[in-house]
Amino acid sequence: MSNNFNFMKRILFFIILLSSFFQAQEMDSLNLKSYQKESSLDSLKRNEVTKDIEDVVITGTIKPVGKSKSPVAVEIYSPKFFRKNPTPNIFEAIAMVNGVKPQLNCSVCNTGDIHINGLEGPYTMILIDGMPIVSSLSTVYGLSGIPNSLIERVEVVKGPASSLYGSEAMGGVINIITKNTLTAPRFSIDMMTNTWSENNLDLSTKFNAGKNAASLLSLNYFIFNERIDQNKDNFTDAALQKRISVFNKWNFQRKENRMASFALRYLYEDRFGGEMQWNKSYRGSGEIYGESIYTNRVEAFGVYQWPLKEQVISQFSYNYHDQNSFYGNNPYEALQKVAFVQTYWNRKLGNHDLITGLTYKRTFYDDNTPGTLSSDGLTNETMKSPILGAFIQDQWEIDSKNTLLLGYRYDYDQIHHSVHSPRAAWKFSHNPYHTIRFNFGTGFRVVNLFTEDHAALTGSREVIIKADLKPERSVNGNLNYVWKIPVGSRFLNLDTSAFYTYFSNKIVGDFDTDPDKIIYDNLHGYGISRGLSMNMDFSFTFPLTVNLGVTYLDVYQKIDDEDRKVQQLHAPKWSGTYALTYQFSEGLTLDFTGQLYGPMRLPVQVNDYRPDYSPFYSLANIQVSKRFESGFEVYCGIKNLFNFTPEDPLMRPFDPFDQYADDPINNPSHYTFDTAYGYAPMQGIRGFLGVKYSIK
């Protein structure tokens, strides 16, 4: 009762604060008509989703190119866009992007991955500054550790991109571009708290080292230590987290503007979800259920342009990820190290822009599950997966209206051997108001024991990888149409896409043929991801900006010997995003943002009493912010305005160790404890308050 009373007090405080903001704007002497005239001239600059033709992108073509000239459809999102709904990390923020869904895979520890167009997390490649820093272990345990304070912009490519980025880029690419130290603020601080006692601190400072070098040092600290159980199932509704991230990046000024940068980041996280009475003395025991995860992670990445007449650029990255976890009394300890290096040569030959390069990626993975046991089951056998690749790309400006891109990549993997990945892209722009892009691409993914049904890798089973195992493959076609519609002195921007992806050779684990073995083989069937998406943004003559997005999906699999479609889990047929921004006066802004999700298929047990599909729901947020000339900004608002939470996210929370799963009287359906049913956060309505300060 006291928790509810404190919650209501905090909500009342925020409502009063909102009211004071609105009263302040009424007293402002700014002439609104003058402001409207000024904002009309600056409408495209104020558009928070950076969709101007002058934007620069790198994800689709590996080198900086104007968005209007890129034959590959790339979406760009700035920090201002994500600040419409402030969050402590990119995992939560990315939900604002149409067609991209952060999916919670566990209702207890709240780990998750990112789905693009309904495809599972392993099919999404996440890059930092173009480098494959986030993969395998970190796609589940490390995404929440990437603070928004590091972001300069986020680029999203939907559809396979393996011809540039190799394995894992089957469903799409999210490239997180970090801040350039040469242009970053000298000092900035951002503190945020909410009524659930989640506290986040972002602190950064920039300093110069001589005339030609600058360094950015950034600290993120997040703590949530309040045990809340509003649905009364004796489990924490949200996982407790203590997290610290330290980031240091160096940029160097060199002759002829040659590139050179280096960055280093360290992440530590202590995460817990489980029964309310759990403490660390129960870690690993079978008495009180808790999921406790310790993460230690180091990342290093950089770029260097060689001092040659030719444009030769080398990029490298390395990440070290150590996981120490207990799921109840089931331990999971894992170590992953990934090294990547890439060198490419760029040369313009007339109307042809040619890029060719070599890549090398080596993955080391070891854990305490049967997945890394030797064939005799007696010794540990780590996974060492080197992949050597070569690629070539030609972007041909046929004329002022037509651009053609052709690309090809060859990779050699020790299990799958030769893998070929071609792609093609064509852009036709009759005039600046109409642009058509057609992209054809292929993707592939090699076997990775962590992602192949890892939850089932328990007990003493021998792991068998079929000798003729083929890499997963995808073939995609994407038709994109961008229409800039003049409306007075403004533009209504429409960005629509139709896509179709065919997946083959899906790698699955067979746990049934032999109870003493796990046999990895290719699925005898295929998968389909198809749909339509549309983004719209417009700035009215009065100070209102609207960004809307909607996506229709049909994602399913078909097995050769079964005449039926199996819908993909957690892939809603319909989803949408919305962001409305109204600027009342100079520095005072109101943001209303959220996501809409239609019914999605959920993982249920045999004879489950819970629905197979989720209901239609929306996660809405409202924020009021005020900027001051001194450099301060105050913001506050309410998250999950409609107070939506899933029902029955846990099966049998009163028996988490399945001690009574075979009770024929009290459990005739033989249900077992399950954490995978949850499809949305269990955090209900809550208020937040934050303050920022920066010195340019």
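Predicted model: local features only at pLDDT ≥ 70, side-chain atom pairs only at ≥ 80, totals over all residues.
Residues are numbered from 1 along each chain as its sequence is written, and side-chain values use heavy atoms, with hydrogens and water left out.

User: Why is Gln 568 called buried?

Analyst: Buried means under 20% relative accessible area, exposed over 50% and partly exposed in between, with a 1.4 Å probe and protein chains only. Gln 568 has a relative accessible area of 13% and is therefore buried.

User: What is Gln 568 in contact with, leaving aside its neighbours within four places in sequence?

Analyst: Contact means heavy atoms within 4.5 Å, and, with those neighbours left aside, Gln 568 is in contact with Gly 118, Glu 120, Val 555, Tyr 556, Gln 557 and Arg 601. Gln 568 itself is found in the loop between strand 30 (565-567) and strand 31 (574-585), strands being DSSP runs of E with at least two residues and helices runs of H or I with at least four, numbered from the N terminus.

User: What makes strand 10 and strand 11 a pair?

Analyst: Two strands pair if DSSP finds at least two bridges between them; strand 10 and strand 11 (residues 198-208) have seven, in the antiparallel sense. Thr 193 has Asn 199 of strand 11 as its bridge partner, and the two strands form a hairpin with three residues between them, where Ser 197 in the turn has a positive phi of about 65°. Strand 10 is also joined by eight bridges to strand 35 (residues 686-695), again running antiparallel, with Tyr 693 as the bridge partner of Ile 189.

User: What makes a set of residues a nonpolar core, and which members touch the most others in the largest one?

Analyst: Such a core is a set of buried Ala, Val, Leu, Ile, Met, Phe, Trp, Tyr and Cys residues joined through side-chain atoms within 4.5 Å. The largest has 31 residues, of which Phe 82, Ile 90, Ile 94, Val 100, Ile 114, Val 154 and Ile 174 touch the most other members. Apart from it lies another core of 21 residues, including Val 74 and Phe 391.
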